[in-house]
Protein chains: 2
Amino acid sequence: MNSPLASLIIIGNEVLSGKTEDKNIQFLALGLSDLGIILKEVRIVPDIKSDIIIAVNELRKKYDYVFTTGGIGPTHDDITSESIAEAFNVKYVLNDEANKILEEYYNGTDREYNNSRKKMAFMPENASLIHNKETFAPGFIVENVYVMAGIPYVMHAMFDAIKDSLRRGNTIHSKSIDVYLPESSFAEEFAKLQNEYPEIEMGSYPFRRREKWGATLSMRSSNLEQLDLAFEKLHEMLSMFQS
Amino acid sequence: MNSPLASLIIIGNEVLSGKTEDKNIQFLALGLSDLGIILKEVRIVPDIKSDIIIAVNELRKKYDYVFTTGGIGPTHDDITSESIAEAFNVKYVLNDEANKILEEYYNGTDREYNNSRKKMAFMPENASLIHNKETFAPGFIVENVYVMAGIPYVMHAMFDAIKDSLRRGNTIHSKSIDVYLPESSFAEEFAKLQNEYPEIEMGSYPFRRREKWGATLSMRSSNLEQLDLAFEKLHEMLSMFQS
């Protein structure tokens, strides 16, 4: 079974200017990993229609799934929905279902259902909604593109709402160990191990903690038996270096 | 004066798997912003040569600067330098200057200058080195592509080492205010203000704190006079909504 491949587009000037630190990438990376879906690429693009359209059209052809976060609110800089419609070359229209939900919600408040609020019900024609437990304003799906809010806790709720509908891949198992050795000490032996088990993704991620160099050695694979075997060999290999 | 446009490529499976949370995007976004350089796009790609090459070749043609982080260490999954050489279609060779630095360093330790260590001196032909105060292992520059380490504090030192050599743009001034109002209340008025001052980048970034909705209203521009004027008008506008 082939594991589905995914990409994520973060839409927002605030991340590119450094004003806001992204909080969505890791959540989605872990969430997809749990489903056996491989996140292959992330792009962060500004609130500029042509940039969003280029990214969406490149990635939706290249990957099984494209997720986007950000730009679906009521303000003038929220241009994701319109851009997605243009990317798919479909009309940008009032979605009746979304409109009904929003109208009912605002009728129950002391706030008027004004044009900015109604804007959140405009979507590409034939989009299906992403309902979620945190907000009445829905995200939406067009073909393989899943459009979600940028606010982390709303995005989380939207991802929760869609994740059971996504095609799963093989469960990816992962094991790792931290060692306080410079990478260059074990690099050659580690490369040999990688060659011995080519289907296991082996990585070394250096760190420096309390003035000491070290690295996290990581192994990932959908083949748990092979992973266990390779990880055991890694332990043996490392015992050569421990004093 | 045109402000230079930049992009950033984060190279690393560990970010795409969710194992590691990115810590480099915001640092570089803020650092570039301080220099008046506009970060237009970020891509996160896996440790796969063809993916790195595609990203580098697309972005180096599109932007004035490309910065990369990650993948220049001694382990088998560090394939950035080789990929950059291939992207530029130049040889991947032992850099004499880097080799001398590394050799001298290891000769002063009880560790052998082995092949993994020597690997860190292999670079695209004619690369110029990025020395830095944190580590003897240098990054490098090929044309408009700046190749830096992934470990945040080493990357910071490398960016410090190159930043004075980058072409500066107009200083970008920024002002913002947090309001505890739902975005949909002020969206229409805010859009009018944006239309009145088209050269100012105005954004609204919603948040939820202690069960209350709010938004950060932000204005960015290299024209400080206009920015001050527009920001004053924003205050006036918001006073309409405050109870």
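How many residues of chain B are in contact with residues of chain A? In this structure, 63 residues of chain B are in contact (heavy atoms within 4.5 Å) with 63 residues of chain A. The structure is a predicted model, in which local features need pLDDT of at least 70 and side-chain atom pairs count only at pLDDT 80 or more, while totals for chains, interfaces and linings use all residues. Residues are numbered from 1 along each chain as its sequence is written, chains are lettered from A and ligands numbered from 1 in the order in which they are written, and side-chain values use heavy atoms, with hydrogens and water left out.

We begin with the interface. About 5,100 Å² is buried between chain B and chain A, and carbon and sulfur atoms give 54% of this; buried area is the accessible area (1.4 Å probe) that two parts lose on being put together, summed over both. On the side of chain B, the residues that lose the most area to chain A are B:Lys19, B:His76 and B:Ser184, together 12% of what that side buries. Two salt bridges are found across this interface, a salt bridge being a side-chain nitrogen of Lys or Arg within 4 Å of a carboxyl oxygen of Asp or Glu. B:Asp51 forms a salt bridge with A:Lys40, with the closest N and O atoms 3.4 Å apart. Helix 8 (residues 183–196) of chain B gives the most to the side of chain B that touches chain A, with nine residues. Helices (H or I, at least four residues) and strands (E, at least two) are DSSP runs, numbered from the N terminus.

One residue of helix 8 of chain B is B:Gln194. This residue counts as buried because its relative accessibility is 13%; buried means under 20% relative accessible area, exposed over 50%, and partly exposed in between (1.4 Å probe, protein chains only). Beyond its neighbours within four places in sequence, B:Gln194 is in contact with A:His76, B:Ile200, B:Glu201 and B:Met202.

Next comes a sheet in chain A. Three strands form an open sheet in the order 9-11-10, and the pairing is antiparallel; two strands pair if DSSP finds at least two bridges between them. Strand 9 (173–179) and strand 10 (201–209) of chain A are the edge strands, each pairing on one side only. Seven bridges join strand 9 of chain A to strand 11 (residues 212–221) of chain A, and A:Ile177 stands opposite A:Leu217 in strand 11 of chain A.

In chain B, strand 3 (residues 65–69) is mostly covered, since five of its five residues are buried. In a regular strand the side chains alternate between the two faces of the sheet. Here B:Tyr65, B:Phe67 and B:Thr69 point one way, and B:Val66 and B:Thr68 the other way. Strand 3 of chain B pairs in the parallel sense with strand 1 (residues 5–11) of chain B over five bridges and with strand 8 (residues 145–148) of chain B over four bridges.

Finally, we turn to charged pairs. Side chains of opposite charge can pair when their charged atoms come close. Over all chains, the whole structure holds 30 salt bridges. One of them joins A:Glu41 and A:Arg43 (2.7 Å, N to O), and both residues are buried. A:Glu41, A:Arg43, A:Glu58 and A:Lys62 are linked in a network of salt bridges.
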